[in-house]
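The sequence and the model are shown first.

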Amino acid sequence: MAAARLSAATWGISAVAVGALLVGCSASVDVGKSEPKLSADKLATTVAERLAATTGQPKPNVTCPEALTGKVGNTTRCTLKANDGSTLGVTVKVSSVDGDKINFDIKADDTASPAAN
């Protein structure tokens, strides 16, 4: 019986997903504006840093399509892309806002999408 092998990138995504789900991530960012809003680039960087810190893996490639407005319950979806082209969805949800500081939770999807052919 042949044993299934995971590529390093797939293993990395699996480790990120499992780590994020088991440990749970949250982050806080002070945006310093009258209407708290976190740019898509800053959000992607913060999500990648939190996932790396939570899983002990290198910082993944994360992109977020839109800014995150600091209103409790607001959500956005980001995408983690592995070196092999597979992707993993990541949900970011605002848990609280304290003045200019946006606190949010990060949850990776349970399974990755394979790379496009």
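Which residue does a disulfide join to Cys64? The partner is Cys78, with an S to S distance of 2.0 Å. The model is a predicted one.

## Overall fold

The chain contains 2 helices and 7 strands. In sequence order these follow the pattern α-β-β-α-β-β-β-β-β. Of its 117 residues, 38% count as buried.

The accessible surface of the chain is about 6800 Å², and carbon and sulfur atoms account for 49% of that area. Among contacts between residues at least 6 apart in sequence, 54% join residues at least 24 apart.

## The disulfide

The count of disulfides comes to 1. The link of Cys64 and Cys78 is right-handed, with 105° about the S-S bond. It connects distant parts of the chain: Cys64 lies in the loop between strand S3 (61-63) and strand S4 (68-69), while Cys78 belongs to strand S5, 14 residues apart. Both cysteines, Cys64 and Cys78, are buried. In general, a disulfide is a covalent bond between the sulfur atoms of two cysteines.

Side chains alternate along S5.

S5 pairs with S3 through 3 bridges, and the two strands run antiparallel. In this pairing, Thr63 stands opposite Thr79 of S5. S5 and S6 also run antiparallel and are joined by 7 bridges; here Thr75 stands opposite Lys93 in S6. S5 and S6 form a hairpin with 5 residues between them, and Gly85 in the turn has a positive phi of about 95°.

## Helix H2

H2 has 16 residues and reaches 22 Å from its first C-alpha to its last, close to the 22 Å expected at 1.5 Å a residue. Its buried residues include Ala40, Leu43, Ala44, Val47, Ala48 and Leu51. Threonines are also among the buried residues of H2, including Thr46, Thr54 and Thr55. The residue that follows H2 is Gly56, with a positive phi near 75°.

Is Ala48 buried or exposed? Ala48, located in helix H2 (residues 40-55), counts as buried because its relative accessible area is 3%, under the 20% limit. Not counting residues up to four places away in sequence, Ala48 touches Lys59, Pro60 and Val62. Ala48 and Asn61 are 13 residues apart in sequence, and their C-alpha atoms are 6.8 Å apart in space.

## The nonpolar core

The largest nonpolar core has 20 residues, of which Leu43, Val47, Val62, Leu68 and Phe104 touch the most other members. H2, strand S5 (75-81), strand S6 (87-98) and strand S7 (101-108) each supply at least two residues of this core. H2 gives the most, with 6 residues. In soluble globular proteins, nonpolar side chains tend to be buried together.

Leaving aside neighbours within four places in sequence, Leu43 is in contact with Leu38, Cys64, Glu66, Leu68, Thr76, Cys78, Val92 and Phe104. This list includes Cys64 and Cys78, the two residues joined by the disulfide.

Definitions and conventions
Residues are numbered from 1 along each chain as its sequence is written. This is a predicted model: local features need pLDDT of at least 70, side-chain atom pairs count only at pLDDT 80 or more; totals for chains, interfaces and linings use all residues. Side-chain values use heavy atoms; hydrogens and water are left out. Helices (H or I, at least four residues) and strands (E, at least two) are DSSP runs, numbered from the N terminus. Buried means under 20% relative accessible area, exposed over 50%, partly exposed in between (1.4 Å probe, protein chains only). Contact means heavy atoms within 4.5 Å. The expected span of a helix is 1.5 Å times one less than its number of residues. A nonpolar core is a set of buried Ala, Val, Leu, Ile, Met, Phe, Trp, Tyr and Cys residues joined through side-chain atoms within 4.5 Å. A disulfide is a pair of cysteine sulfur atoms within 2.5 Å. Accessible areas come from the Shrake-Rupley method with a 1.4 Å probe; for residues, only the protein chains shown count as cover. Two strands pair if DSSP finds at least two bridges between them.
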